[in-house]
Each structure stands twice: as C-alpha cells, then as structure tokens.
Amino acid sequence: MILLLDLVIARLKAANLGFRAVESIEALADLETVAVARPACFVLPASTDYRATQAGGGLLNMEATERLDIVVMVDGALKLGRRQNEMMALAAAVIDELFGWTPDRNVWRPLEPEAARLLGVGGGRASYLVRFRTVSPTALRKTGVI
C-alpha cells in the first residue's frame with residue numbers, strides 16, 4: 001500500500017491541478033501544529049481487504065482490494081460559495097486525473113472512484129474526501145500450504 005500511495009502522490013504533484021501542497025498522512029497529522037499551504041491534497045491509506053482466489057492443493061493465492069482516500073482541503077472564505085466551488089473543482093480534477101490510471105498494470109488494476117463526501121468544515125478550512133479503490137490480484141501467495 002505504501003508504494004501505491006507514493007505513486008499516487010507523485011502523479012498528483014506532476015499533474016499540477018492547482019494544489020499548493022500534495023502530501024501524505026504525516027502532513028495531515030501535523031496540521032494543527034505545522035502550517036500547510038492550501039489548497040492542499042492529502043493521500044491517505046483507507047483499508048485493505050483480502051480474498052482468497054485459490055486455496056488448496058499446496059497453493060494459496062490472495063487478492064487485495066486497496067482503498068485510499070484523497071482529501072482536498074481549501075481555506076474558508078468570506079465570499080459565499082467561492083471556496084466551495086474551488087473545493088469541488090479540485091475534487092473533480094483529482095477524480096479525472098486518477099480514474100482509470102494504474103502505476104503498474106502488472107501489480108494493480110486501474111483506480112476507480114468509490115465514494116465522495118464532505119469531510120469537515122472548521123478552523124478556517126473545508127475538506128472533501130474522495131475514496132478510490134484498486135485490486136492487486138496477486139497480493140499474497142503461499143506454496144506448500146497444508
């Protein structure tokens with residue numbers, strides 16, 4: 001999952017979607033004590049679900065469904081609606097950039113948006129979350145299983 005997150009961060013940075021910062025979970029964790037330039041984008045691990053695709057006969061193959069969250073964060077604004085439009089435009093740009101992309105077709109299936117929602121409003125900022133999923137068909141493999 002860590003490699004996937006790093007590759008997504010690199011892709012979003014290279015896309016120049018209008019973010020002043022594209023960061024990992026560590027930057028989000030430090031947000032209360034360290035200023036992050038906004039609009040910002042944070043790439044976070046969400047979950048990994050495993051499913052056996054082959055079991056028995058000395059072989060166990062597991063497929064992993066990886067979910068990652070992209071958080072778009074903007075500053076609050078006095079002009080009604082100005083930042084909401086910016087936040088939604090940035091979220092749409094993230095979806096457009098990542099939908100159908102895979103950093104390595106031998107490891108992951110293309111990224112698909114799964115859900116999106118307002119994450120929070122407060123502290124002079126608003127956040128919107130977009131969840132993506134991908135599948136790694138050969139995430140785990142064990143031979144000689146008894």
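# A guided tour from E114

E114 is partly exposed, with a relative accessible area of 35%. Select this residue first; the tour begins there and then widens to the whole chain. Please bear in mind that the model is predicted.

**Stop 1: the partner of E114.** The side chains of E114 and R67 form a salt bridge in which the closest N and O atoms are 2.9 Å apart. Because R67 belongs to strand 3 and E114 to strand 4, this pair ties together parts of the chain that are 47 residues apart in sequence. Is R67 buried or exposed? Its relative accessibility is 16%, and the limit for a buried residue is under 20%, so R67 counts as buried.

**Stop 2: E112 and R133.** Next, select E112 and R133. These two residues form another salt bridge, with 3.2 Å between the closest N and O atoms. E112 lies in strand 4 and R133 in strand 5 (residues 125-143), so the bridge connects parts that are 21 residues apart in sequence. Both partners count as partly exposed: E112 has a relative accessibility of 37%, and R133 has one of 22%. Which residues do salt bridges with shared partners join into one network? Select D49, R67, E112, E114 and R133 together to see them.

**Stop 3: R109 and E63.** Select R109 and E63. Their side chains meet in a salt bridge, at 3.6 Å from N to O. R109 is in the loop between helix 3 (82-98) and strand 4 (112-122), whereas E63 is in strand 3 (residues 59-75), and the two are 46 residues apart. R109 counts as partly exposed at 41% relative accessibility, while E63 is buried at 9%. In the whole protein, the count of salt bridges comes to 9.

**Stop 4: the whole fold.** The protein has 3 helices and 5 strands. Traced from the N terminus, the elements follow the order α-β-α-β-β-α-β-β. Of the contacts between residues at least 6 apart in sequence, 59% join residues at least 24 apart. Of the 146 residues, 36% are buried.

**Stop 5: strands 2 and 3.** Select strand 2 (40-56) together with strand 3 (residues 59-75). How do strand 2 and strand 3 pair? They run in the antiparallel sense, over 15 bridges. Within this pairing, V43 stands opposite I70 in strand 3. The two strands form a hairpin with 2 residues between them. Look at G57 in the turn, which has a positive phi of about 65 degrees. Strand 3 is mostly covered, as 15 of its 17 residues are buried.

**Stop 6: the nonpolar cores.** Show side chains and select V8, L12, L68, I70 and L98. These are the residues with the most contacts inside the largest nonpolar core, which has 25 residues. Helix 1 (2-15), strand 2, strand 3, helix 3 and strand 5 each supply at least two residues of this core. Centre the view on L68. Leaving aside its neighbours within four places in sequence, L68 is in contact with several residues, including L4, L5, V8, V43, F132 and V130. Another core, of 8 residues, lies apart from the largest one; select A21, V36, F42 and L129, which are among its members.

**Stop 7: two details of the backbone.** Most residues other than glycine have a negative phi, and most peptide bonds are trans. The last two selections should be read against that background. First, select R38 and P39: a cis peptide bond joins them, with omega at about 10 degrees. P39 is located in the loop between helix 2 (25-29) and strand 2. Then select N16, which has a positive phi of about 50 degrees although it is not a glycine. Where is N16 placed? N16 sits in the loop between helix 1 and strand 1 (21-23). With a relative accessibility of 68%, N16 counts as exposed.

Technical notes: Residues are numbered from 1 along each chain as its sequence is written. This is a predicted model: local features need pLDDT of at least 70, side-chain atom pairs count only at pLDDT 80 or more; totals for chains, interfaces and linings use all residues. Side-chain values use heavy atoms; hydrogens and water are left out. Helices (H or I, at least four residues) and strands (E, at least two) are DSSP runs, numbered from the N terminus. Buried means under 20% relative accessible area, exposed over 50%, partly exposed in between (1.4 Å probe, protein chains only). Contact means heavy atoms within 4.5 Å. A salt bridge is a side-chain nitrogen of Lys or Arg within 4 Å of a carboxyl oxygen of Asp or Glu. A nonpolar core is a set of buried Ala, Val, Leu, Ile, Met, Phe, Trp, Tyr and Cys residues joined through side-chain atoms within 4.5 Å. Two strands pair if DSSP finds at least two bridges between them.
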